[in-house]
Amino acid sequence: MAIDTAPLRLHERDYATGLIEIGDGCFAYLQPDGGWCLSNAGLLAGRDESLLVDTLTDLPRTAAMLEAMRPITTAAPIATLAITHGNLDHYFGNQLVEGAQIVASAGTAHEMADGPTPAAMAAMVASDDPALGGYLRHAFGRFDWSGIEVTLPTRTFEGSFTVDAGGRRAELIEVGPAHTAGDTICHLPEQRVAYTGDLLFVFGTPIVWAGPYENWFRACDTMLALDCDVYVPGHGPLTDRRGVEGVKAYLQFVYAEARARFDAGLDEREAAFDIELGEYAEWGDSERLAINVVSAYREFDQNRPEPGRGELFARMAELARRAR
Ligand SMILES: [Zn+2]
């Protein structure tokens, strides 16, 4: 696959798969449409070394990405792999990046060590639960869960960490817990670019796995304060400030709507069905609202019993059926 060098199009729903140059020595690898596990990655290439930001969900996809990067990484091999957060669609391909140090925040490393196994993902796809199986196959059925050996960070940090990629600088800034326990932004100050991991979804619905919401609002403010020209989201097309502002507005909206229903005595399930998403109904996977309401309720009442992952997916499946 050739590198796309056309002028950058930002914040457009329609975008292409593959490697795209976004600044001096820096690239994004994009996977439309950014739905479940269709994640993005980044590359910063210096004189003789590169930094890769995240791998992809499975080995074939990661291998295709590394092949697309080969014209760059032959002269500047990947010496460091930074992982933005502990969701498998950002690290299940790690084993293919041989010989690199793998850096992540301690919170992310912990989550990776504790995360779902490839066998568990394959089992989800094979589920014969009539209410749930179809949704799980829609979300995870297109991926190849075979051959994956979960490959963990070799180096962890708290707060921030500087990477020198052959003379080019990247700053890893930990801002989690928000989407997950250890969310990290990879900022390239000279290129005015940030790889944000899943702190940003563009035209797709953010998921609040961890929270609190307040931390994610603050993470949005941090991203805006970095004043980048290009933000590479974890899912969706390249964006600018509009992508950051959009995520913050969505989260503020859901938080307020959930609060009103909590105060009115609705439970999480009723609240998720009751909230009218308006413009956000157009975003992909809008049924993730079911999880986002649960996370908000957990903040409103810390003693609330929490539904398990299976129950959360069942609620999303129900909400998705209702939306259709
Ligand atoms: Zn992701």
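This section describes the sheet, the helices packed on it and the nonpolar cores of a predicted model.

The strands β1-β2-β3-β4-β5-β6-β7 follow one another in that order in an open sheet of seven strands, and their pairing is mixed. The edge positions are taken by β1 (18-23) and β7 (155-157); each has a single partner strand, so one side of each is left without a neighbour in the sheet. From one strand to the next, the twist averages 25°. Strands β4 (residues 50-53) and β5 (residues 78-82) run parallel and are joined by four bridges. Within this pair, Leu51 has Thr80 of β5 as its bridge partner.

Two helices are considered against the sheet. Helix α1 (residues 59-73) lies across β1, β2 (26-30), β3 (41-45), β4 and β5, and runs at about 15° to β3. Helix α2 (residues 106-114) also packs on the sheet, where it touches β6 (101-105) and β7. The direction of α2 makes about 105° with that of β6.

In soluble globular proteins, nonpolar side chains tend to be buried together. In the present model, the largest nonpolar core comprises 84 residues, and those with the most contacts inside it are Trp36, Leu52, Phe140, Trp145, Trp216 and Phe313. Helix α8 (residues 289-300) gives the most to this core, contributing eight residues. With residues up to four places away in sequence not counted, Trp145 touches Thr57, Leu88, Phe92, Pro118, Met121, Ala122, Val125 and Phe140.

Note on methods: Residues numbered from 1 in each chain as written. Predicted model: local features only at pLDDT ≥ 70, side-chain atom pairs only at ≥ 80, totals over all residues. Heavy atoms only, no water. Core = buried A, V, L, I, M, F, W, Y, C linked by side-chain atoms within 4.5 Å. Buried < 20%, exposed > 50% of the residue type's maximum accessible area, 1.4 Å probe, protein only. Contact = heavy atoms within 4.5 Å. Pairing = 2+ DSSP bridges. Axes fitted to C-alpha atoms, helices over the stretch in contact; angles between N-to-C directions.
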